[in-house]
Amino acid sequence: MKIKYLVGLTGCLLLVVLWYIWGSGRFEKQVDPAALVSDKALLYVEQDDVGRLIDTIKASHFGKTVAAMDIGKIAAGLELNADQTRTIEQAVESVAKLGNDPVFRELCGRSLSVALLPGEGEIVVADARQVPPVQLLLVAIPEHKAELLEVLSRAFTGKIKQSVISHGDIEIIQFDLDGTTFFAAVSDGLFVFSLNQKTIETALDLQRTSQGSLAALEEFAELKQQLPMVDFFAFSAPEKLGAAMAATLGEQQTAAKLAGLRYSIYGIWHEGSGFKDRTITLIDRNRLDPLLGRVLAVPSEDNDSLAFVSPDVQIYTWTNALALDAIWESINREGGEEAVSTEPFTRKFRELTGSDIEQVLTLFEPGISLQIQKGSVNGLIPLPRITLMFKVKDRVSLEKVLEQGVTGLGIRMEDQQYRNIGYRSYNPGLPGDIEALYGFYDHYLLVGNSRKMLEQIIDAAEDHSGFRQSEKYAALGMDLEHGSNSVFFIKVADIADGVIELATWTGAILALQDRNLALRSQVAIEEVIKPLLNGMTTISSVATRTFFAEDRVTVESTIEVRPDQLAAAGR
């Protein structure tokens with residue numbers, strides 16, 4: 001009896017499980033939305049769980065800051081008229097409604113994909129027939145198994161006209177709403193949408209054959225495998241995008257710069273206390289823009305400038321891929337007929353230094369580093385402290401050029417020394433301890449505006465006590481020292497606070513010059529700029545490294561989020 005009871009109970013539980021799995025669509029054929037997108041797509045983006053994304057943004061410090069903005073007060077302060085104010089309020093209201101709309105959340109419950117496709121095709125928007133050069137395709141995977149077109153129809157009851165178009169064994173529904181025509185279909189649990197009938201028919205045909213689709217493209221599959229399980233990813237064809245821009249807008253120069261950039265993928269995902277992201281771009285070196293080809297030909301190497309970075313750094317970047325002579329060559333080459341001639345500058349440079357600028361630039365090796373810190377709190381003007389580091393090939397010759405140039409400018413610089421490191425400085429009398437200085441440390445030329453910062457850089461290198469040895473660097477979980485072509489680090493929250501100070505100072509200066517302008521700028525600063533910058537403090541820091549290979553460029557980032565923001569967002 002007990003055995004029969006257990007068998008019966010097990011059978012009932014099995015039926016419940018099967019009903020749940022069937023009802024939730026887990027036995028349905030899983031179709032990749034990219035299988036409905038042509039492999040000629042210019043851009044393809046895919047976002048999982050759109051509802052959760054919207055809720056996370058709304059719960060974040062940034063989302064709450066934006067939601068708290070008083071549009072009416074801002075518009076009045078900026079002296080916008082009633083029509084302009086109404087337009088902005090309606091736009092904000094529409095975005096808010098879309099995020100909360102149950103139909104939108106149902107249609108995009110599991111994922112939403114958007115593709116930008118080449119090819120002209122007629123669309124009807126606001127009773128006007130148009131022929132755009134590109135077409136838009138949306139593919140959504142809904143949250144639950146349902147008759148989605150019925151759901152959509154109920155959402156627009158009484159406002160929308162419908163007609164059925166047969167396409168093989170699938171029905172395409174044409175909707176006409178307020179003078180705009182769009183087309184939708186459901187196939188294998190996917191909701192497909194476009195403003196152009198041919199675009200949606202092509203998508204449905206691709207799903208049947210899979211040949212010629214993005215999902216079948218070898219490069220798409222290979223690049224997607226280089227990403228883990230991501231929340232969002234974007235795939236693009238930069239070279240094709242450039243060609244489309246050239247054909248539509250006449251941007252031939254942009255197309256030339258994008259030549260050889262075949263395909264690119266970007267993905268972002270949660271990891272630890274923040275996010276990681278990765279961009280991989282496949283390249284054809286034989287078709288690259290000459291300057292870009294020269295940059296990408298530089299091999300990866302260890303970053304020795306990291307040893308000089310002070311613990312108080314707020315922005316730090318280094319690259320070995322930008323040579324000063326290449327930059328100067330680019331300036332001259334891309335100037336064109338309408339550009340300002342560089343001849344007056346080169347003539348003046350020769351008069352001051354006794355050398356041609358091209359000769360001087362050969363004294364440097366590829367390798368530039370930049371550090372930025374917050375300026376003195378006692379200064380009237382909140383100017384940041386900045387130090388540039390240039391890798392030097394011929395120090396003796398460069399010292400002579402610099403000395404002659406300073407003399408030619410009539411600047412009297414004082415010789416200084418710190419820990420057996422000599423440098424020269426000039427104090428122009430600016431507030432905030434700002435001064436011009438330069439000096440050499442090993443094979444680097446240091447140029448900056450703060451003596452204190454220079455001393456911190458020297459201490460970091462001499463005592464091995466800089467950013468590299470800090471807990472902050474260890475927490476990044478990213479190697480900024482080995483095997484890269486460039487690195488970048490920024491303390492986003494600190495920089496946002498610094499920009500807020502600068503905005504406040506700017507408002508004070510405007511108040512001294514023009515009262516009416518000051519009143520308008522105060523509204524913009526207090527009601528828009530400051531709240532947005534304050535919202536950005538959600539992100540603690542971002543670190544990025546870039547490295548080149550024979551057929552690709554890879555960029556990886558670590559994005560740290562303040563722990564209290566993760567808790568607020570429920571993560």
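Strand 18 (residues 434-441) runs antiparallel to strand 19, and five bridges join the two. This is a predicted model, in which local features need pLDDT of at least 70, side-chain atom pairs count only at pLDDT 80 or more, and totals for chains, interfaces and linings use all residues. Residues are numbered from 1 along each chain as its sequence is written, and side-chain values use heavy atoms, with hydrogens and water left out.

Visitor: In strand 19, what is the bridge partner of Met389?
Guide: Strand 15 (residues 385-392) is joined to strand 19 by five bridges, and the two run antiparallel. The bridge partner of Met389 in strand 19 is Leu446.

Visitor: How many of the five residues of strand 19 are buried?
Guide: Buried means under 20% relative accessible area (1.4 Å probe, protein chains only). Strand 19 (residues 444-448) is largely enclosed by the rest of the structure, because the buried residues number four of the five.

Visitor: How many aromatic pairs does a search of the whole structure find?
Guide: Rings of Phe, Tyr and Trp (its six-membered ring) pair if their centres lie within 6.5 Å, and planes under 30 degrees apart count as stacked. For the whole structure, the number of aromatic pairs found is 15.

Visitor: Why is the pair of Phe175 and Phe182 stacked?
Guide: Phe175 and Phe182 are both buried. Their ring centres are 5.2 Å apart, and the pair is stacked because the planes are at 20 degrees.

How values were computed:
Rings of Phe, Tyr and Trp (its six-membered ring) pair if their centres lie within 6.5 Å; planes under 30 degrees apart count as stacked, over 60 as edge-to-face and the rest as tilted. Buried means under 20% relative accessible area, exposed over 50%, partly exposed in between (1.4 Å probe, protein chains only). Two strands pair if DSSP finds at least two bridges between them.
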